[in-house]
Structure formats: structure tokens, C-alpha cells
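Let's take a friendly walk through this structure, starting with charged pairs and moving on to nonpolar packing.

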Amino acid sequence: MGQSHNVTEFILLGLTQDPEGQKALFVIFLIIYFVTMVGNLLIVITVNVSPSLGSPMYFFLAYLSLMDAVYSTAVTPKMIVDLLCVKKTISFPACMSQLFIEHLFGGAEVFILVAMAYDRYVAICKPLHYLTIMNRRVCTLLLVVAWVGGFIHSVVQLLFVYNLPFCGPNVIDHFICDMYPLLELACTDTYYIGLTVVANGGAICIIIFTLLLISYGVILNALKTHSQEGRRKALSTCSSHITVVVLFFVPCIFMYVRPVCNLPIDKSFSVVFTVITPMLNPLIYTLRNSEMTNAMKKLWSQNLTRCGIRMFAHSETPIANSKAMRR
């Protein structure tokens, strides 16, 4: 794959040029990134060590949290560091790597959300056959499809951008390397490539978002035949899923269902689905899920108890040694 560009690095203008604003954003995004990593990794650990969370829903939730953690790591640390730098640069290979990772995990997350919707459909509409249909083999297959779908989507995006001629300027009015900011810097007509981006990103997002809303509509309609307790539990779970779907797809559709152009509000929408949404997902899924909350409390209480026993044992050892020496 030969390079057809003269640019070796890009200059990112970031979110703001105001020094005081950059300092404030540095603190805010540092806290958000910390909460994102702790929340998502806590879900991954809790699901893997808690026998009560062995259902397919939590299998997919653990991988969704892992994707959110990596997805956020591909963007947020660089953005945080740049907020303290006068000149914000990113090399061409690093820019391409960031673009690939963003779309790999973002694309895979789209398919994971579809798998989670299918899981809820089977659980609510076909409860007697749930464990038969959603067995471990099917869950693994859906996960593999999600990774393959994300990989194909990301490779297509990367191939189009990598082969574009970048002759200069190299200033990106954004805080990340993304498709439309890069297409505007290319020294060639990118109209048809822009249509490909719309088809590969925006159109797919619209279709899947519509199908997800329809599927959740079918699920909610099927709840009429359930008991009051069953409806309450299912509504709590589905409302969490729907909230995450809306938070993910609405900014994505706004960003990629349009011709190649950059708008001032693009940065805000990018912050939502690259920084804010990965932080909110763990909160949404844990605060409205009693099983997850109870499992986390049990995990924490067990760890605190073990730590207390170890500390007590260590404190008893010197006392025992002292008594032995006196004898």
C-alpha cells in the first residue's frame, strides 16, 4: 500500500483555544476518563467472577463495557494530554491507528447492541426457549460477528483515507482524527468517497437504529401478557438498553449522514459518543439493574472482608512473636 501524501503529521486545534478553558476541560475529562475506566472494568470483573451473572445478557454487557473502555482509551488520553500542550500534533501513522481503533470498536459496538436487543427479544417473547436459543455457542457466534463487522467497517474507512493524497495544509479543526476532517484536507475530490462514508457509516446506523427501535417496540408490546413484576423488571432492563442505543446512534447519525463538511457542533457530538457515552453506559446498566448492583455489593463486601482478615492476621503476627520472645 503506497503512501501518496507529503504530510507526516497533523496539527489538532482541539476543543478550544482558550488557556483557562483548556485547564478546566483537562480536569473535567480526566475525571470522566477515570470514572469511565473504573465503571466499565468493574462491570467486566463483576460479570466474570459472579456466578449469578451468567446469563447471555451479562455476557454481552461485559464485552460492551470492554469495548467502551478501549474505545475511550483510543481518544480520551490523547485529548487530555493535548489540553496541556501548546502545539497539538499527531503523526500520520498514529492518526491512522486512532481512526482504525475508533471505527473498529465503534462498529463492533453497533453489532453488540443488536445482539443485546435480540437477547432481550428472545428472553421476553420466547422465555421457555431462551436458554436453548441463546446458548453459549450462539452468544460466541454473535460476538465473533460483531468483531468481524467492526473490523470490515474499520478497514474500509482506513483504506479510503490512507490512500488519499495529503499535500497540505495539515491542520485539523478537531480533537481526534476522523473521516470528515481528514477528507477535507485531501488534495483531491472526495465527493464519491464521502458517499461511501455515508453508506458505510451513516446509512448503516440509520437502518440498525430503526430496526432496534422496532424490535424494542415489539418487545414492549409483548410485555402486556406478562405479570406486573415481570413487566417492571423487563421495562427496567429495556429502558436501559434503549437509553444506550439513543445515546450512541443519534450523534453517529448526525455526524455521518450528510455530505463531507465540518460543522462547529461536530466537536460537541464527538465528545458525546467518544467520551460521555462510554462513561454513562456503566451507570445506566448498574443503577437500573438490581442483579448487577447486588453482585457488585457482594463482590466489594467479600474483598473488604478478605482485606480485613489479612490486615488482622498481619497485625496479630508481631504480637505473637513478641509473646514468644518473652517466654
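## Salt bridges

A salt bridge here is a side-chain nitrogen of Lys or Arg within 4 Å of a carboxyl oxygen of Asp or Glu. By that rule, the count comes to five salt bridges. Keep in mind that this is a predicted model, where local features need pLDDT of at least 70, side-chain atom pairs count only at pLDDT 80 or more, and totals for chains, interfaces and linings use all residues. Residues are numbered from 1 along each chain as its sequence is written, and side-chain values use heavy atoms, with hydrogens and water left out.

One of the bridges joins lysine 23 to glutamate 20, at 3.9 Å from N to O. These two are three residues apart in helix 1, so about one helical turn separates them. (Helices are DSSP runs of H or I with at least four residues, strands are runs of E with at least two, and both are numbered from the N terminus.) Glutamate 20 is exposed, with a relative accessible area of 54%; exposed means over 50%, buried under 20%, and partly exposed in between, using a 1.4 Å probe and protein chains only.

In helix 2, aspartate 82 and lysine 78 are four residues apart, again about one helical turn. Their closest N and O atoms are 3.2 Å apart in a salt bridge. Aspartate 82 is buried at 6% relative accessible area, while lysine 78 is partly exposed at 24%. Aspartate 119 pairs with arginine 120 at 2.9 Å between the closest N and O atoms, and both of these residues are buried.

## A buried aspartate

Which residues does aspartate 68 contact, leaving aside its neighbours within four places in sequence? They are Asn40, Glu109, Pro278 and Asn281, where contact means heavy atoms within 4.5 Å. Aspartate 68 lies in helix 2, residues 56-82, and counts as buried at 1% relative accessibility.

## Nonpolar cores

A nonpolar core is a set of buried Ala, Val, Leu, Ile, Met, Phe, Trp, Tyr and Cys residues joined through side-chain atoms within 4.5 Å. The largest has 76 residues, of which Phe10, Phe166, Leu182 and Phe249 touch the most other members. Helix 3, residues 92-125, gives the most to this core, with 16 residues. Apart from it lies another core of 15 residues, including Phe29 and Met79.

Beyond its neighbours within four places in sequence, leucine 182 has contacts that include Phe10, Cys95, Leu99 and Phe166.
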